[in-house]
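Work through the two exercises below with the sequence and the model in view. Try each task before reading its solution.

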Amino acid sequence: MSDRATRPTGHDGLTDVAGLRVGHARAPGERALSGTTVVLAPPGGAVAAVDVRGGGPGTRETDALDPRNLVRRIDAVVLTGGSAYGLDAASGVMAWLEERGRGVPVGGPGQVVPVVPAACLFDLGRGGEWRARPDAATGRAAVEDAARSAAGAPVAMGSVGAGTGAVVGGLKGGVGTASAFLPDSGVTVAALVVVNAVGSAVDPLTGVVYGRYLEGAVEHPAAGTHARAVRRLEEARAASGPPPLNTTLAVVGTDADLTRAQAQKLAGTAHDGIARAVRPVHLLSDGDTVFTLATGAVPQDPGDPLGLNEVLAAGADCVTRAIVKAVLAAETVTGPGGVFPSYRELYDIN
């Protein structure tokens, strides 16, 4: 674009990318601490890609997103708790899409096969009941929540949806989201992250949330506050038994008109945003997975192939900021499955 564009109004979240909607649902049961989050693309779908870096992934339909393969656009992405069991949530989303004729056409009218890529995180037993996990009904509830939301609606964060039982380094994790507008190209880039990692989101030397360092100068918690927080976190870990398995999941959305190969590059570089905000990352007990959804509303300059660099950098930055927001939005959970304190409680932040 020759003229600098004006940023549209938004909520600093994934739904700032026009057409994308987000819905959450919680797994049923009094002792359930799990759920599902669905990112719903606009009618006609979106170009999609995925990059898996963790050593213990649980996924569905990710091979369909390989740029060498047939499927060009998809209608939804599912992020879910419940480990591999929770991938059943995608079946509920698939049924909802089929009822509306959305999917890959394979025959006459209404004959479609919805391709619904999904990835899961490990939160089994965190509410105290091993078998309380998302299923097809949970997935359907999440996509219905997305569908009835208003265009551009703010995204609920913290202990919701797939982030209901999320834990990061012993702290309560959850859902976070952030966006960026690139005035030179008029492109919006955004991310939604479910942070649930083996590694920590907090600098052990200072108590600063790692991702805050992206902002430059940051205020460190008082030494006494940090020392108390470290002690209380260790007590919570001891009360919660052996360290569980994990996984951080993300969807990076943009309105840029990306090819499938470009979308895959964006998914890959977005992992840098996780690496800046969680340490260590991409371990064998993590299944870290990043999806890209590109709606294609804003054309790219074919004479400037390196213009994509700005989008790639923004995607990683949005992932980092989304993780910070997830950690700050999370609330303490204490129950039969363990004690998972929030960062805000440990550091006395109102």
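**Exercise 1.** Decide whether T248 is buried or exposed, and find which residues T248 touches.

Solution.
1. T248 has a relative accessible area of 0%. Buried means under 20% and exposed over 50%, with partly exposed in between (1.4 Å probe, protein chains only), so T248 is buried.
2. The model is predicted: local features need pLDDT of at least 70, side-chain atom pairs pLDDT 80 or more, while totals for chains, interfaces and linings use all residues. Residues are numbered from 1 along each chain as its sequence is written, and side-chain values use heavy atoms, without hydrogens and water.
3. In the chain, T248 sits in the loop between α3 (223-239) and β14 (249-256).
4. Leaving out residues up to four places away in sequence, T248 touches V193, V194, V195, N196, A197, I274, D288 and T289; contact means heavy atoms within 4.5 Å.
5. A polar atom of the T248 side chain lies 3.4 Å from the backbone nitrogen of N196.

**Exercise 2.** Find which residues of α2 are buried and what covers them.

Solution.
1. Helix α2 (residues 136-148) has 13 residues and spans 18 Å from first to last C-alpha, close to the expected 18 Å, which is 1.5 Å times one less than the number of residues.
2. Its buried residues are T138, G139, A142, V143 and A146. They lie on the same side of α2 because their arc around the axis is only 130°, taken from the directions from the helix axis to the C-beta atoms.
3. The covering elements include β1 (21-26), β2 (35-40) and α1 (89-99).
4. On the face turned away from the buried side are the exposed residues A137 and R148.

Conventions
Helix = DSSP H or I, 4+ residues; strand = E, 2+ residues; numbered from the N terminus. Polar contact = N/O pair within 3.5 Å; in protein donor to acceptor, adjacent residues only side chain to side chain.
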